[in-house]
Amino acid sequence: MSRDPLRFTPLQRVLHWVMAICIWTMLFVGVGMVSTIRPVYLTLVNFHKPLGIAILVLALLRLIVRWRSGTPPLPSDMPAPMKLAARLSHLLLYLLMIAMPLIGWGMLSAADYPVVVAGLHLPAIVAPNAALHSMLWNAHQFLALCFFALILLHLAAALFHAWVRRDGVFESMAPVSMRPTPQGDSGIAGRR
């Protein structure tokens with residue numbers, strides 16, 4: 001079976017959607033953590049830490065798969081500023097998907113708190129340091145807000161491509177093909 005050049009590979013699509021769920025969950029858990037002092041706080045923290053490490057591993061895997069498999073071309077009629085915005089936003093998304101867990105891990109290491117994933121204690125990545133912990137905590141919180149804004153922009157762009165431009169960009173990452181098959185099945189038209 002040959003690869004559809006207008007769509008991401010099945011593995012790329014699975015990684016995208018699994019990570020989307022993980023990242024949305026992580027953002028809402030993070031909001032819950034900073035907005036409560038109730039006993040549920042520790043439950044949220046103990047969920048947040050391993051999920052962050054999982055996102056880091058998935059992001060690195062995603063980069064490898066993207067490097068090996070490439071990406072579908074953007075539509076030829078897409079204006080150059082939109083293409084630049086797409087490339088820059090994806091670069092920022094990857095940077096944040098990797099930086100946020102590393103900063104969180106560094107923040108916990110600087111506070112001398114353990115990071116435990118599936119019973120395995122991960123090593124500290126920085127030495128305990130209260131000033132560094134404070135700086136990383138502020139960076140983590142600020143970048144989380146930036147990440148949330150970028151995700152909303154990414155979602156808006158996806159819907160713009162799906163509903164306004166109808167240029168196949170959304171369909172390239174859709175979980176299932178939305179283009180008509182050669183047998184004439186109906187569906188949403190792909191790139192023209």
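Modeller: Here is the predicted model. Start with Trp-24 and Phe-28, which both sit in helix H1, residues 10-34.

Colleague: How many residues apart are Trp-24 and Phe-28?

Modeller: Four, or about one turn of the helix.

Colleague: How many aromatic pairs does the structure hold?

Modeller: Two. In one of them, the ring centres of Trp-24 and Phe-28 are 5.7 Å apart and the planes meet at 20°, so this pair is stacked. The cut-off for stacked is under 30 degrees.

Colleague: Is Phe-28 buried or exposed?

Modeller: Exposed. Its relative accessible area is 52%, and the exposed class starts over 50%.

Colleague: And Trp-24, what does that count as?

Modeller: Partly exposed, at 28% relative accessibility. Trp-24 also pairs with Phe-148.

Colleague: What geometry does the pair of Trp-24 and Phe-148 have?

Modeller: Edge-to-face. The centres are 5.7 Å apart, with 85° between the planes.

Colleague: Where does Phe-148 lie?

Modeller: In helix H4, residues 130-165. Trp-24 is in helix H1, 124 residues away, so the pair links distant parts of the chain.

Colleague: What about the accessibility of Phe-148?

Modeller: Phe-148 comes out at 32%, so it counts as partly exposed. Put together, Trp-24, Phe-28 and Phe-148 make one aromatic cluster.

Colleague: Switching topic. Which residues form the nonpolar patch on the surface?

Modeller: Five leucines: Leu-84, Leu-88, Leu-91, Leu-92 and Leu-95. Together they have about 470 Å² of accessible area.

Colleague: Take Leu-88. Which helix is it in, and what is its relative accessible area?

Modeller: Leu-88 belongs to helix H3, which covers residues 80-110. Its relative accessible area is 44%, so Leu-88 is partly exposed.

Colleague: Zoom out. How many helices and strands are there?

Modeller: Five helices and two strands. From the N terminus the order is α-α-α-β-β-α-α.

Colleague: What box do the C-alpha atoms fill?

Modeller: Roughly 60 × 35 × 30 Å, along the principal axes.

Colleague: What share of the residues is buried?

Modeller: Buried residues are 35% of the 192 in the protein.

Colleague: And the accessible surface, what does it come to?

Modeller: About 11,900 Å². Carbon and sulfur atoms hold 73% of that.

Colleague: Last one. What share of the contacts with a separation of 6 or more is between residues 24 or more positions apart?

Modeller: That share is 67%. The Trp-24 and Phe-148 pair, 124 residues apart, also links distant parts of the chain.

Terms used:
Residues are numbered from 1 along each chain as its sequence is written. This is a predicted model: local features need pLDDT of at least 70, side-chain atom pairs count only at pLDDT 80 or more; totals for chains, interfaces and linings use all residues. Side-chain values use heavy atoms; hydrogens and water are left out. Rings of Phe, Tyr and Trp (its six-membered ring) pair if their centres lie within 6.5 Å; planes under 30 degrees apart count as stacked, over 60 as edge-to-face and the rest as tilted. Buried means under 20% relative accessible area, exposed over 50%, partly exposed in between (1.4 Å probe, protein chains only). Patches are made of residues with over 30% relative accessible area and no salt bridge: like charges are joined within 9 Å, nonpolar side chains (Val, Leu, Ile, Met, Phe, Trp, Tyr) within 5 Å. Accessible areas come from the Shrake-Rupley method with a 1.4 Å probe; for residues, only the protein chains shown count as cover. A salt bridge is a side-chain nitrogen of Lys or Arg within 4 Å of a carboxyl oxygen of Asp or Glu. Contact means heavy atoms within 4.5 Å.
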